[in-house]
Amino acid sequence: MRIIDKVAVVTGAAGGIGAAVAQRLLEAGARGVLLTDLDATRLDATVRELAAGHGDRVAGRAADAADTTDLRALLGLAEERFGPVDLYFANAGIGGGAGLEASEEEWSRALDVNVLAHVRAAKLLVPGWVERGEGYFFSTASAAGLLTQIGSATYSVSKHAAVAFSEWLSVTYGDQGVRVSCLCPQGVETELLMAGTRSADATERAAARAVLESGDLLQPLDVADQVVAAVAEEPFLVLPHPQVLDFYRHKGSDYDRWLRGMRRYQKAVR
């Protein structure tokens with residue numbers, strides 16, 4: 001798919017990967033990009049910054065990307081301002097270091113934001129894309145969705161589910177014009193990751209350290225460059241850290257050996 005003259009919605013776009021993706025989409029010639037995030041203050045600042053260089057091709061609205069009512073309003077606003085949505089970047093996500101002690105509420109919120117937000121958006125978008133014969137669903141999961149996340153059960157499980165939903169979406173609708181890609185980075189310098197390094201919770205600090213020590217720390221714009229390139233090439237897995245594919249192959253070739261290695265690594269970072 002070509003980005004030029006297309007309409008995109010990017011969630012979790014007040015900063016980090018989402019804001020960087022929005023910037024690169026505008027630079028690539030998108031007709032309009034709608035940014036959304038729960039953090040209205042940061043979102044407004046990001047939209048103003050992008051509008052300074054791209055004028056009325058950018059808009060923003062604070063919303064909960066996991067709420068169906070908010071999603072309908074976002075898609076309606078995007079269509080009103082720019083036209084029907086061609087690309088949807090399901091980038092909003094939450095972290096956390098909880099293990100078995102995680103509450104039901106923490107589990108529910110992780111699954112709601114990291115998985116069901118994607119499901120709800122797809123339910124609103126995919127029927128129209130099938131009818132038009134074209135659309136692109138770009139999911140931000142994590143290397144944790146292919147491997148695991150030391151410390152956080154809620155993050156690891158919900159990101160695995162995000163990858164699984166993207167796979168299902170591609171298998172089910174890929175022959176009907178719906179493109180699907182799944183972004184699975186490791187360490188990216190975002191507030192979500194860096195907050196873990198400052199956490200008072202030892203498990204959250206260990207989780208952040210595990211990510212930081214597993215490979216290069218990328219900048220959001222580096223990841224956004226690969227996202228834009230992926231839209232043109234349409235691969236399913238988008239891996240800004242190439243070693244993730246090696247780790248994934250090792251995992252699949254000998255699961256027990258991989259689990260033993262992860263247990264050793266867990267001891268090293270705690």
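This is a predicted model: local features need pLDDT of at least 70, side-chain atom pairs count only at pLDDT 80 or more; totals for chains, interfaces and linings use all residues.
Mentor: Start with how the elements get their names. Helices and strands are DSSP runs, numbered from the N terminus.

Trainee: Okay. What is the phi of Asp5?
Mentor: Phi of Asp5 is positive, about 70°, although Asp5 is not a glycine. Most residues other than glycine have a negative phi.

Trainee: Which other residue has a positive phi, near 65°?
Mentor: Glu234, which is a residue other than glycine too. Glu234 sits in the loop between α8 and β7 (237-238).

Trainee: Is Glu234 buried, partly exposed or exposed?
Mentor: Glu234 has 32% relative accessibility, so Glu234 counts as partly exposed. Asp5 gets the label partly exposed as well, at 46%.

Trainee: Switching topic. How many salt bridges are in the whole structure?
Mentor: A search finds 9. Side chains of opposite charge can pair when their charged atoms come close.

Trainee: Back to Asp5, then. Which side chain does Asp5 meet in a salt bridge?
Mentor: The side chain of Arg31, at 3.2 Å from N to O. Arg31 lies in the loop between α1 (16-27) and β2 (32-37), and Asp5 in the segment before β1 (7-10), so the pair ties together parts that are 26 residues apart in sequence.

Trainee: And how accessible is Arg31?
Mentor: Arg31 has a relative accessible area of 33%, which means partly exposed.

Trainee: Next one. What does Asp225 form a salt bridge with?
Mentor: Arg24. Their closest N and O atoms are 2.6 Å apart. The pair links distant parts of the chain: Asp225 is in helix α8 (residues 220-233) and Arg24 is in helix α1, 201 residues apart.

Trainee: Why does Arg24 count as buried?
Mentor: Because Arg24 has a relative accessible area of 19%, and buried means under 20%. Asp225 is at 37%, so Asp225 counts as partly exposed.

Trainee: While we're in α1, what about Gln23? How far is Gln23 from Leu38?
Mentor: Their C-alpha atoms are separated by 19 Å, and the two residues are 15 apart along the chain. You'll find Gln23 in helix α1. Gln23 is partly exposed, with a relative accessible area of 22%.

Trainee: Which side chain does Arg120 meet in a salt bridge?
Mentor: Asp112, at 2.6 Å from N to O. Arg120 is partly exposed, with a relative accessible area of 22%. Asp112 is buried, at 19%.

Trainee: Which residues do the shared partners join into one network?
Mentor: Asp64, Arg109, Asp112 and Arg120. Salt bridges that share partners join these four residues.

Trainee: Rings now. How many aromatic pairs does the search find?
Mentor: The search of the whole structure finds 6. One of them is Tyr136 with Phe138: the ring centres are 5.8 Å apart and the planes are at 25°, so the pair is stacked.

Trainee: Which residues form a cluster through ring pairs?
Mentor: Phe89, Tyr136 and Phe138.

Trainee: I also clicked on Tyr255 and Trp258. What sort of aromatic pair do they form?
Mentor: An edge-to-face pair, with 6.1 Å centre to centre and 90° between the planes. They are 3 residues apart in helix α10, so about one helical turn separates them.

Trainee: How accessible are they?
Mentor: Tyr255 is at 47% relative accessibility and counts as partly exposed. Trp258, at 12%, counts as buried.

Trainee: Last topic, charge. Which residues gather in a patch of positive charge on the surface?
Mentor: Arg257, Arg260, Arg263, Arg264 and Lys267.

Definitions and conventions: Residues are numbered from 1 along each chain as its sequence is written. Side-chain values use heavy atoms; hydrogens and water are left out. Patches are made of residues with over 30% relative accessible area and no salt bridge: like charges are joined within 9 Å, nonpolar side chains (Val, Leu, Ile, Met, Phe, Trp, Tyr) within 5 Å. Accessible areas come from the Shrake-Rupley method with a 1.4 Å probe; for residues, only the protein chains shown count as cover. Lys and Arg count as positive and Asp and Glu as negative; His and the chain ends are not counted. The place of a charge is taken as NZ of Lys, CZ of Arg, CG of Asp or CD of Glu. Helices (H or I, at least four residues) and strands (E, at least two) are DSSP runs, numbered from the N terminus. Buried means under 20% relative accessible area, exposed over 50%, partly exposed in between (1.4 Å probe, protein chains only). Rings of Phe, Tyr and Trp (its six-membered ring) pair if their centres lie within 6.5 Å; planes under 30 degrees apart count as stacked, over 60 as edge-to-face and the rest as tilted.
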